[in-house]
Amino acid sequence: MTKAALAAGVLAGLFAAPTAAQAAAGPTTLTASQYTLAANYNQFDAVNSALVSTLGTAAVHTVMENANHDRTALPSSFSVAGLSGGFRFDSGDNSDCSNYPQGITTSRDAVGTANSGNYDGHQLVLVSWYTKDGCDGAQQRSRITLVDWDATYPNAYRKVLLVEPTGTAAAPDFKDIPIHAGGVSWYGDYLYVADTGKGMRVFDMRKILKTDTGGTADQIGHQSGSTYYAHNYAYVLPQVGTITSKTTSGTNLAWSSISLDRVSKSIVMTEYTCSSGCTDYPNRAPRAIRYPFDSTGVFAATTTASQALQLPWYKLNGVASHNGRWWFNSSGQKQLYYWKPGASSSTFAWVSGGESISYWEDATAADLLWSLQEGVGNRNVFAVTQATYGGG
């Protein structure tokens, strides 16, 4: 636990427990065999090998040693039941209307509780973002932020651009990935980023590339010789593969948010939908699907879902599952729903602008739920005790 977390833990007792109202209905079961994934982890091997040879890689610990942004404390005005700790991004990122934080995962997703959840020597909170062309423009690209969450290191973070390899092994290149990046999960060395209409894109945290910070902010990819630009980013993370979603019943899934369940060794996803009246999102009941990893810790070439649910809630931006229990965040309703099969569902008051959820296992302290808010000027990244929200 970090210094900030310990200090904030003292404050947690100052917040009253949320009032839970039993929902009239909970999820219902769908036929899991109707939902499958097709996985390809080697889609860009030839080009990525050439990029690694040309640019060289930076280990996660090297990236963090060069972290160049300072996270700040949560404001005193921020209040949520069960608060354990958290942070804000620096003032520039907190107020940036062209970049929006969405997904959240941690190094404890990646490696579990051993060695205090350190990956390459660092205990990290990872947040995915999408970038627009100006405050009101179209989506242009996506990135991740690696944030140190350990008293051993400075309260710092670093941005890494997500890119898709292009070209050939003889002429390797890369380009932007203009996706919403609404959810992210880290398991082992692989990072999975939700791609709304398709499934997930896969990245390897061992293959962060070093790029030239010169050029102009709009330049991306190969320039000349061994010079590659990335919108002035010093590091890029190239996609290594794709996880494609298919269903034999109803409409295709909208991959709005994802989360890792370490207990069942699976990724769960959910959809952002509306009951009616939406033009940019589906108008239908959302689903939540669980997809298991194989015995080697990756998705098999073909994976069949192990659980499928029809949900009674709408405008869901976040999902988490652990030990058979589920949590769903509705940004539209400012509510967090808790459900366990065979029991009634519960509804709790939640934050505005809430996004993804990540379950944080802790061997010596309370387990937590990490989440974040996307609103400009109000980008709080925070952890609450999961037991406060029905987890027991």
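Visitor: Why is H122 called buried?

Guide: In this predicted model, H122 has a relative accessibility of 3%. Buried means under 20%, so H122 counts as buried.

Visitor: Where does H122 lie, and which residues is H122 in contact with?

Guide: H122 lies in the loop between α5 (107–111) and β7. Leaving aside neighbours within four places in sequence, H122 is in contact with H61, M64, S107, G117, D148 and Y153.

Visitor: What makes the link between the side chains of H122 and D148 a polar contact?

Guide: The distance is 2.9 Å. The cut-off for a polar contact is 3.5 Å between N or O atoms, so the side chains of H122 and D148 are joined by one.

Visitor: How many aromatic pairs does a search of the whole structure find?

Guide: The search finds 27 aromatic pairs.

Visitor: Why is the pair of F87 and W370 called tilted?

Guide: The ring centres are 6.3 Å apart, and rings pair if their centres lie within 6.5 Å. The planes stand at 45 degrees. Under 30 degrees would count as stacked and over 60 as edge-to-face, so this pair is tilted.

Visitor: What makes the pair of F87 and W370 a tie between parts of the chain?

Guide: F87 lies in strand β5 (residues 83–88) and W370 in strand β28 (residues 368–373), so the pair ties together parts that are 283 residues apart in sequence. Both F87 and W370 are buried.

Visitor: Why is the pair of F89 and W129 called edge-to-face?

Guide: The angle between the planes is 65 degrees, with 4.9 Å from centre to centre. Over 60 degrees counts as edge-to-face, so the pair of F89 and W129 takes that name. F89 sits in the loop between β5 and α4 (91–94), and W129 in strand β7 (residues 124–132), 40 residues apart. Both F89 and W129 are buried.

Visitor: Which residues do ring pairs link into a cluster?

Guide: The cluster holds F87, F89, W129, W149, Y157, W360 and W370. One of these rings, that of W129, has R143 over its face, at 4.4 Å from the ring centre.

Visitor: Which residue lies over the face of Y100?

Guide: R379 does, at 4.9 Å from the ring centre.

Visitor: Which residues touch the most other members of the largest nonpolar core?

Guide: Of its 26 residues, they are Y41, Y192, M200, I243, W255, Y291 and F299. At least two residues of this core come from each of β3 (35–40), β12 (190–195), β13 (199–204), β17 (235–247), β18, β19 and β20 (287–292). Apart from this core lies another, of 25 residues, among them L124, A181, L191 and L237.

Visitor: How do you know that strand β23 is largely enclosed by the rest of the structure?

Guide: Seven of the seven residues of β23 (residues 316–322) are buried, so the strand is largely enclosed.

Visitor: What makes β23 and β24 a pair of strands?

Guide: They pair in the antiparallel sense over six bridges. Two strands pair with at least two bridges, so β23 and strand β24 (residues 325–330) qualify. H322 stands opposite R325 in β24. The two strands form a hairpin with two residues between them, and N323 in the turn has a positive phi of about 55 degrees.

Visitor: Why are β2 and β18 called edge strands?

Guide: The open sheet runs in the order β2-β22-β20-β19-β18, with antiparallel pairing. β2 (28–29) and β18 (257–261) each pair on one side only. β18 pairs with strand β19 (residues 266–270) over five bridges, and I258 stands opposite M269 in β19.

Key:
Residues are numbered from 1 along each chain as its sequence is written. This is a predicted model: local features need pLDDT of at least 70, side-chain atom pairs count only at pLDDT 80 or more; totals for chains, interfaces and linings use all residues. Side-chain values use heavy atoms; hydrogens and water are left out. Helices (H or I, at least four residues) and strands (E, at least two) are DSSP runs, numbered from the N terminus. Rings of Phe, Tyr and Trp (its six-membered ring) pair if their centres lie within 6.5 Å; planes under 30 degrees apart count as stacked, over 60 as edge-to-face and the rest as tilted. Buried means under 20% relative accessible area, exposed over 50%, partly exposed in between (1.4 Å probe, protein chains only). A charge sits over a ring if NZ of Lys or CZ of Arg is within 6 Å of the ring centre and within 35 degrees of the ring normal. A nonpolar core is a set of buried Ala, Val, Leu, Ile, Met, Phe, Trp, Tyr and Cys residues joined through side-chain atoms within 4.5 Å. A polar contact is a pair of N or O atoms within 3.5 Å; within protein, one must be able to donate a hydrogen and the other to accept it, and residues adjacent in sequence count only if both atoms are side-chain atoms. Contact means heavy atoms within 4.5 Å.
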